[in-house]
Amino acid sequence: MEKGMLTYRCYGRHGQGKQERTDGREAVASYLLIEEAVCPICKSRDHVEVESRLYWCTHCRIPLYEKNCPLCHAPAEEFVRDCRIVFPEEKRLLELLMEAKPGTYDHSSVWNGGGIYYADGLRLPLEITKLSEEQIRRAAQKIPEAFRNIDTREFERMRERFVRANCRRFCELETEAVDYIRTSVERYGISKCYVSFSGGKDSTVVAELVRRALGMELMHGFADTTLELPQTLEYIRRYRRSHPDIYFIDAKSRGEQFEALCEILGPPSRVMRWCCTVFKTSALNRRLEMCFPEGEILSFQGIRRAESYGRRKYDRTSHKNKIGRQITASPIIDWQDFDVWLYIATTGIDFNQAYRLGYARVGCWCCPNNSTWSEILAQIYMPQQHRSFKRLLLDFAVKTNKKDPEEYVRTGQWKARLGGYGLAHAKQSVVSYTPCVNEADAYRYELTRPVTASFFELWKPFGWIHRELGSRHLGEVYVLDRDKMPVLRLQAREGDMAVKIVVEALDRMGTKSRDKARRYVEAQITKYQMCIGCHACEELCPHGALHCDTEGYRINDEKCFRCRKCINYFSGGCYIRKILSIPRQQRSKHEQENR
């Protein structure tokens, strides 16, 4: 069923509904029109697609949610699926890039839909991907002068028309989101709630909705990735000054440098965004452990399904999170960009000024998911950082023997890279063992780093460490279960480069398979060899028992429930192993080069 600009279609196999084919024969309908994002027949949204359509009023020169303009009552034309406001500062930049006279679009209503610019409903002759380095450089040089005198009067009049024409949509959005927030808080308790605040438009809107719904301020969590836009950091400071009653959970990585980790792991790519785990999620998780030491945590977040293909099937309230104890509540999950900007324009709340410059998203300035337009903006507004990152990418391309490093960087091939091919740390993922002839389920492993105290901590998920039971002469250490029965026997001394692991009882390892038991063991050995203190394991622990950093790997016996989530979650047991795993087609070449 069509609901305003949104149409929900479920493509599940419902076994019902017929429609006529052009050749006159019957055919089963390919989809079912439904009213909400959850199919009433499937009882899920696994097969649901949301399609949107906006309309354009030629007379009022604004995008609409409705087919007939509420202001002039004229029928509107079909426009784009979604769009965002183009502010006067971005208009001026467009003029410079198009080599148009400054002020050309001051009196035009300019919007961006799907990466295409429209002035008064007509497409602008600007192709972002075809802009030359020289065009960008010339525009950057002229910006200081061009920004001095910007006429915003017509923009403000357009904004007012936009708000009045779409007021019904605003009321629907706010009412529904506020009800959802109140229901969520009633269920989980206000003492266990916080707002995940990134400084972007979506989290800004969610923070305002939470405040309006509850009539009070919740604590906010901000993770400084160290790769934030300058405008984001300035907005956070401004927001804190204007909201002095909010307690901020400030999270920042404890010393890991982005450039240094790029040397070890390579630059992050779309499928290997290790930077999020190391610089954002892990840092925030450590702070949350201090603020919420026990139980579940409810996090209000600005996640929207329209943001990406990967988020299309996200649940509105989800227990599946990187942070083990966290429940995610997403009040605006079905909102479009249009809706977010309508809410900001209607309420008049402050927002990140990077959007006025033209940024469609304000995450990390060098994120591999950034668009070509975002990269151009970084080149213009952050020239020094942009040049530094480009050198980093070129160095990586040379180190990993790319045929044409300049082409590799220029065309964005680095964004699609997989695995750790060409990186020295990828060698640590190799785990070799020799079965013991005289003992069943006993294996001898050659390590790539000497045994330290952290090595013994890694076996606590299987039970409790008992050093007194084994032979001190042989360096034996036993791992016992709750009934004091042996699970594992470790034979290792600190400083050794080889260890012996004996599986004493398969059933106490939680399996009947020898292969699976050995994989459990090798997952921990891999983790020991590859650990760089990325903190990914910490996030997975639902009980806050695990801590890992550059000083070592530690598990709190009193908090650990032996659920083994820290072992089973990542491929090979280790997040670093997961992102450095070499694809099958590259593996033989990698092995030959590292013999």
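I counted five cavities of 30 Å³ or more; a cavity is a set of points, on a 1 Å grid over the protein atoms alone, where a 1.4 Å probe fits but cannot get out. This is a predicted model, in which local features need pLDDT of at least 70 and side-chain atom pairs count only at pLDDT 80 or more, while totals for chains, interfaces and linings use all residues. Residues are numbered from 1 along each chain as its sequence is written, and side-chain values use heavy atoms, without hydrogens and water.

I looked up the largest cavity and found about 110 Å³ of space in it. Its lining has 15 residues, with C541, L546, C560, C563 and C566 closest to the centre; lining residues have an atom within 4 Å of a point.

A pocket is an open set of points with protein on both sides within 12 Å along at least five of seven lines. I noted 26 lining residues, and E133, E375, H386, V409 and R410 lie nearest the centre.

I then examined T511, in the loop between β25 (498–503) and α15 (514–530); helices (H or I, at least four residues) and strands (E, at least two) are DSSP runs, numbered from the N terminus. T511 counts as buried because its relative accessibility is 10%, the limit being under 20% relative accessible area with a 1.4 Å probe and protein chains only. I recorded 3.0 Å between a polar atom of the T511 side chain and the backbone nitrogen of S513.

Conventions:
Buried < 20%, exposed > 50% of the residue type's maximum accessible area, 1.4 Å probe, protein only. Polar contact = N/O pair within 3.5 Å; in protein donor to acceptor, adjacent residues only side chain to side chain. Points joined across faces, edges and corners; volume = space filled by probe spheres on them.
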